[in-house]
Amino acid sequence: MTPRHLYVHVPFCARRCSYCDFAIAVRREVPVDDYLTALGLELDAKRLNGSPLDTVYLGGGTPSRLGGDGIARLIDMIRGRFEISESAELTIEANPDDVEKAAAHEWKRAGINRVSLGIQTFNDVALRWMHRVHDSEGARVAFRVLRDAGFDNISVDLIFALPSSLDRSWEQDLRQAITLGPDHISLYGLTIEKATPLARWAERGTVTPADEDRYAADFLLAHSIATAAGYDHYEVSNFSLSGKNSRHNSAYWTGVPYAGAGPSAHSFDGETRSWNVRDYVEWANRLSRGDSIVAGSEILTDENRIAERVYLGLRTSRGLAVTDADRARADLWQREGWAIRDGDMVRLTGEGWLRLDSLAAALTGL
């Protein structure tokens, strides 16, 4: 099966956020030329069989740290190797502190037509606690700069379930974000990952994570406020205005093949999932030597496929077609308020999405 979706991982960040365990490389000065040289070597080895790309997603890390010229060169590299369909979605993840007028216009000229802006919160105390570089006003300015540059598809990222000690109002954050008028909103519940500053703070007892009740309350409040404002809660963590769903991420949720490039990037050809080495320097050095950059791979078993089909179906508003054997269970979910059943289709509610893992496991027995 031929991938029509390309993810490119740009690992560079100005600093590591307190909660982050992603594959990043903290650099004061971004080695744009070295990165693009290594990326070009990896892209040269990609075989997409001439099928035009429907989506290109530049994620990270912080792709916007490549600047206007760096992103333009990156897109040119992709176009020089693969056909990109005229209607393709081209997304860049950006931090507000990187969004300058000149850079935004260069991204637009290069063909970027969707921006995912990492706002996270409008509370300045919480932003400093997260080790974010920008402040709340910088986020608002960045959004206006993107609109002025002609972007009509802007997503904003927000984090919920922050520690109560930060005295951050989740409702206020949601309403401020909606006031900006984004086309899409992505929500992330704060989780404690190993080997992060947040994990060390929690171990020392200087941070008390939000409990399950707070997590649930924040999630359901977002569902209520965003849907009342006209956003479609089309996937467990994502809301969009009409026609502004993330096409790239939606492809992942349907289980189609995709290609990945860059350190830690994953690829899937329909049968095998593989992933690159995580460290930027190791990735670049292996490419320069002509060595393999693949860190591991797995062939999906029939059991894996069933589990993924169930989980991916339940996590979207599209829902999942259930078998005769599972209809009684689906009826129970509906009575509990966790799902809506329409014939053979089952679609989870906000309450149901809070139980996604356990409900998917109930259908698969895994």
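Colleague: Hi! Where is the place of Q120?
Modeller: Q120 sits in strand β6, residues 114-120. Strands here are DSSP runs of E with at least two residues, and helices are runs of H or I with at least four, numbered from the N terminus. This is a predicted model, where local features need pLDDT of at least 70, side-chain atom pairs count only at pLDDT 80 or more, and totals for chains, interfaces and linings use all residues. Residues are numbered from 1 along each chain as its sequence is written, and side-chain values use heavy atoms, with hydrogens and water left out.

Colleague: Does Q120 count as buried or exposed?
Modeller: Q120 counts as buried, at 8% relative accessibility. Buried is under 20% relative accessible area, exposed is over 50%, and partly exposed lies in between (1.4 Å probe, protein chains only).

Colleague: What is Q120 in contact with?
Modeller: Leaving aside neighbours within four places in sequence, its contacts include Y19, M130, R132 and D173. Contact means heavy atoms within 4.5 Å.

Colleague: And how many bridges join β6 to β7?
Modeller: Four, and β6 and β7 (residues 154-160) run parallel. Two strands pair if DSSP finds at least two bridges between them. L117 stands opposite V156 in β7.

Colleague: Switching topic: which residues of helix α3 are buried?
Modeller: In α3 (residues 101-110), they are A103, A104, W107 and A110. They line one face of the helix, because seen down the axis they fall within an arc of 125°, taken from the directions from the helix axis to the C-beta atoms.

Colleague: What about the other side of α3?
Modeller: There K101, A102 and R109 are exposed.

Colleague: What do the buried residues of α3 pack against?
Modeller: They pack against α2 (67-81), β5 (84-94) and α5 (136-148).
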